[in-house]
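I opened this notebook page to record what I looked up in one protein model. The sequence and structure come before my entries.

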Amino acid sequence: MDFESIKNKLQQYKAEGKKMFTTSSFQSHSLVLLHIISRIDNTIPVYSINTGFLFPETIQFKDRIAEEFGLNIIDAKSSIPKAQQKDAKGNFLFTSDPDYCCFLNKVQPLDGVLADHDVWINGVRADQSAVRKAMEIEQAAPHDVIRFHPMLDWSKQEIYKYIKEHNLPRHPLEAKGYDSIGCEPCTRKMILGDDRSARWFGMKKTECGLNTDLVVKKDKK
């Protein structure tokens, strides 16, 4: 979808009285959606899922973007203390059960946000993973929320063309070889190219649950 199509869709949701929000990981490629939203309606809240394990650079970058783009950024955090996020051996869950760690620190906090809104503007792209390739522009989420994916048909090349045209800042870790940036314990520098292989390295995991658990699956006929 181009800028005007996204603008028209957001204005339609607003005219229908729908309460919207978006989320962001504040990676360089994520800024395109945030910049577009800031140009259309910067009152739409942006939820940052603060897992407690983010890189300090990500937190600093988030604060910079909030100021530069004029956005209302809100932290979403788990209600489960970190002391209770350990396995039977006393190790943090990200070492032994990363899916459950993601559930506690990402899925569960955002589920509460969904319950208070009507539209989740989500920046997934079809070229990022097989899971995302199967998604649609509008898709159902829990609590009767609409997942709106305006960037679904954008390529990586189009993303970086927009970044260049609008002179958007880059996440500081990108220059250090990080291509896909999440929580610090589960992120490594890019190793095998742009296939998210640096996330959850060696764990046979490519999604954090936001794009699997928080999607209403269609009934198979």
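I worked from a predicted model, in which local features need pLDDT of at least 70, side-chain atom pairs count only at pLDDT 80 or more, and totals for chains, interfaces and linings use all residues. I number residues from 1 along each chain as its sequence is written, and side-chain values use heavy atoms, with hydrogens and water left out.

Fold. I looked up the secondary structure and found seven helices and six strands in the protein chain, taken as DSSP runs (helices H or I, at least four residues; strands E, at least two) numbered from the N terminus. Along the sequence I read the pattern α-β-α-β-α-β-α-α-β-α-β-β-α.

Contacts. I noted that, of the contacts (heavy atoms within 4.5 Å) with a separation of 6 or more, 71% join residues 24 or more positions apart.

Burial. I recorded 48% of the 221 residues as buried, meaning under 20% relative accessible area, with exposed over 50% and partly exposed in between (1.4 Å probe, protein chains only).

Salt bridges. I searched the whole structure and found eight, each a side-chain nitrogen of Lys or Arg within 4 Å of a carboxyl oxygen of Asp or Glu. Among them, Glu 16 pairs with Lys 18 at 2.9 Å between the closest N and O atoms; Glu 16 is partly exposed at 43%, and Lys 18 is partly exposed at 27%. I also noted Asp 127 with Arg 125 at 3.1 Å, N to O. Here Asp 127 is partly exposed at 42%, whereas Arg 125 is buried at 6%.
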